[in-house]
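Here is a short report on one protein and its ligand. Please look over the sequence and the structure before reading on.

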Amino acid sequence: MSFRTEPPYIHGSTPKTAVVLVNLGTPDAPTTSAVRRYLKQFLSDPRVVEIPRAIWWFILHLIILPFRSGQSARKYASIWSNEGSPLKVHTEKQAKLLNGYLGERGHKVKVVYAMRYGQPALPDVLRQLKADGCERILFLPAYPQYSGTTTASIFDAVFSHYTQERNVPELRFIKHYHDHDAYIRALRKSVLAHWDMVGRPDKLVMSFHGVPKRTLTLGDPYHCECHKTARLLAKELELTPDQYMVTFQSRFGKAEWLQPYTAPTLQKLAKEGMGRVDVICPGFTSDCLETLEEIAMEARHDFMSAGGKDFNYIGCLNEDDAWIKAMAEITELHLIGWPTIVPPSLREEQEQQAHISREEARRLGADQ
Ligand SMILES: C=CC1=C(C)c2cc3[nH]c(cc4nc(cc5[nH]c(cc1n2)c(C)c5CCC(=O)O)C(CCC(=O)O)=C4C)c(C)c3C=C
Ligand SMILES: [Fe+2]
Ligand SMILES: [Fe+2]
């Protein structure tokens with residue numbers, strides 16, 4: 001077993017703190033080859049697909065990748081912007097805004113973003129933080145609701161990276177914030193802003209990404225956390241139980257996933273004579289393929305072609321000011337105890353000490 005070479009240790013240098021906003025990841029381009037590369041990495045993760053590896057290898061390589069890559073690439077092409085994949089564009093902007101906002105609040109932290117699959121790859125970002133002298137790292141997953149398939153997979157990737165490092169930084173992980181007041185308030189604000197413009201629907205559908213139903217029976221709290229978010233948001237909006245519902249989208253494969261499924265539910269509502277539905281996806285903090293294509297395009301089509309009169313998609317929180325502030329609040333809660341607000345007197349002393357150490361290190365290097 002060998003460990004990666006560490007940068008030279010410098011006595012007295014001020015330990016830096018970083019916050020890493022981690023999202024799922026997205027292909028580099030809306031092309032079959034780029035989507036295939038992305039899906040291969042994503043769907044090879046045992047946290048995502050819990051089928052015995054040997055069997056899954058054949059299904060993935062002989063069926064899924066050859067057939068799905070082209071289909072998904074066409075869907076990606078329909079939502080790709082001049083700046084790139086919406087998921088990446090929003091995540092990058094959120095990290096920049098959070099960095100600025102925490103700075104304004106007096107925190108000496110560096111906020112960067114990384115992707116679990118694709119680019120910027122989490123291990124590359126962690127290597128850069130090491131090179132920059134970050135000794136404390138807080139991970140903020142882009143998922144408000146914890147799921148073994150997403151959040152835990154980020155944790156796995158971080159743990160796995162540090163099994164090869166000698167000098168492991170202090171690490172903290174935010175598990176979830178599905179019921180955090182500031183997150184719920186940001187959602188409420190976005191719904192009300194929408195309703196101020198176009199009035200209220202007959203029903204608000206809260207659509208979350210699905211997971212296999214089996215994960216619920218095996219103890220994954222994801223389903224309960226989605227329902228709690230929905231309940232809290234409905235309470236904030238003063239909705240009665242018949243004015244909203246929770247559905248699950250993006251089913252993959254033949255097994256049963258969490259129910260009710262979004263698309264058939266919307267068709268059923270339209271057939272029953274529901275005139276207008278609004279759909280919000282509170283589990284996605286950035287618009288992406290699953291919201292812009294699957295909901296705003298496909299689900300709209302499903303609802304309208306089944307006889308619905310009006311369909312509104314309420315966009316994700318993206319760069320909304322209330323959401324950036326919510327992220328800052330959630331982050332600050334988990335930074336407690338880490339000296340990110342350094343008093344000026346101490347900062348000067350630490351910098352002097354670091355300077356002396358650097359000079360010493362340089363002299364030692366020159367002597368050898
Ligand atoms: C195969 C099983 C999948 C599980 C389990 C799963 C869980 C899950 N995913 C998200 C968030 C996102 N998923 C996105 C895309 C996406 N998801 C799956 C499969 C599973 N997801 C696939 C195959 C894809 C790729 C697109 C496709 O071919 O359909 C995205 C969008 C990424 C983008 O580039 O825009 C997000 C975000 C959550 C939150 C979740 C479990 C809670
Ligand atoms: Fe997914
Ligand atoms: Fe999808």
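## Backbone geometry

P260 sits in the loop that runs between β6 and α9 (262-271). P120 belongs to the loop between β2 (109-115) and α4 (122-131). Most peptide bonds are trans, and most residues other than glycine have a negative phi.

S250 is in the loop between β6 and α9. S250 is not a glycine, yet its phi is positive, about 60 degrees. It counts as partly exposed, because 17 C-beta neighbours lie inside 10 Å, and a residue must have 20 or more to be buried. E238 is placed in the loop between α8 and β6. E238 is not a glycine either, and has a positive phi of about 55 degrees. E238 has 8 C-beta neighbours inside 10 Å, so it counts as exposed; the limit for that class is 12 or fewer.

## Confidence

This is a predicted model. The mean pLDDT of the protein is 94. Of its residues, 93% reach 70 or more. For the complex, the predictor gives an ipTM of 0.97 and a pTM of 0.93. Where pLDDT is low, the predicted coordinates should not be read in detail.

## Overall fold

The protein has 12 helices and 8 strands. Its radius of gyration is 23 Å, close to the 21 Å that the globule rule gives for 368 residues, so the protein is as compact as a globular protein of that length. Along the principal axes, the C-alpha atoms fill a box of roughly 85 × 50 × 40 Å.

Of the 368 residues, 38% count as buried. Among contacts with a separation of 6 or more, 82% are between residues 24 or more positions apart.

T240 lies in the loop between α8 (222-236) and β6 (244-249). T240 is exposed, because it has 7 other C-beta atoms within 10 Å. The C-alpha atoms of T240 and V35 are separated by 42 Å, and the two residues are 205 residues apart along the chain.

## Two domains

The protein divides into domain 1 (16-177 + 321-344) and domain 2 (181-314). Their C-alpha centres lie 24 Å apart.

How many residues of each domain are in contact with the other? From domain 1 there are 26, in contact with 22 of domain 2. On the domain 1 side, α2, α3 (86-104) and α11 (321-335) each give two or more residues. The largest share comes from α11, with 6 residues. By class, this side of domain 1 has 13 nonpolar, 10 polar and 3 charged residues.

## Ligand site

Which residues come nearest to ligand 1? They are T26, S72, H209, C288 and L289, out of 24 residues around ligand 1. The elements that give two or more residues to this shell are α1 (32-43), α2 (53-79) and α10 (289-305).

The shell draws at least three residues from each of domain 1 and domain 2. By class, the shell has 13 nonpolar, 9 polar and 2 charged residues. Helix α2 also gives two or more residues to the side of domain 1 that touches domain 2.

Technical notes:
Residues numbered from 1 in each chain as written. Chains lettered and ligands numbered in written order. Predicted model: local features only at pLDDT ≥ 70, side-chain atom pairs only at ≥ 80, totals over all residues. Near = placed C-beta within 6 Å. Helix = DSSP H or I, 4+ residues; strand = E, 2+ residues; numbered from the N terminus. Nonpolar A, V, L, I, M, F, W, Y, C, P; charged D, E, K, R; others polar. Domains from an automatic or database assignment. Rg over C-alpha atoms; globule rule 2.2 N^0.38 Å. Contact = placed C-beta atoms within 7 Å. pLDDT = per-residue confidence, 0-100.
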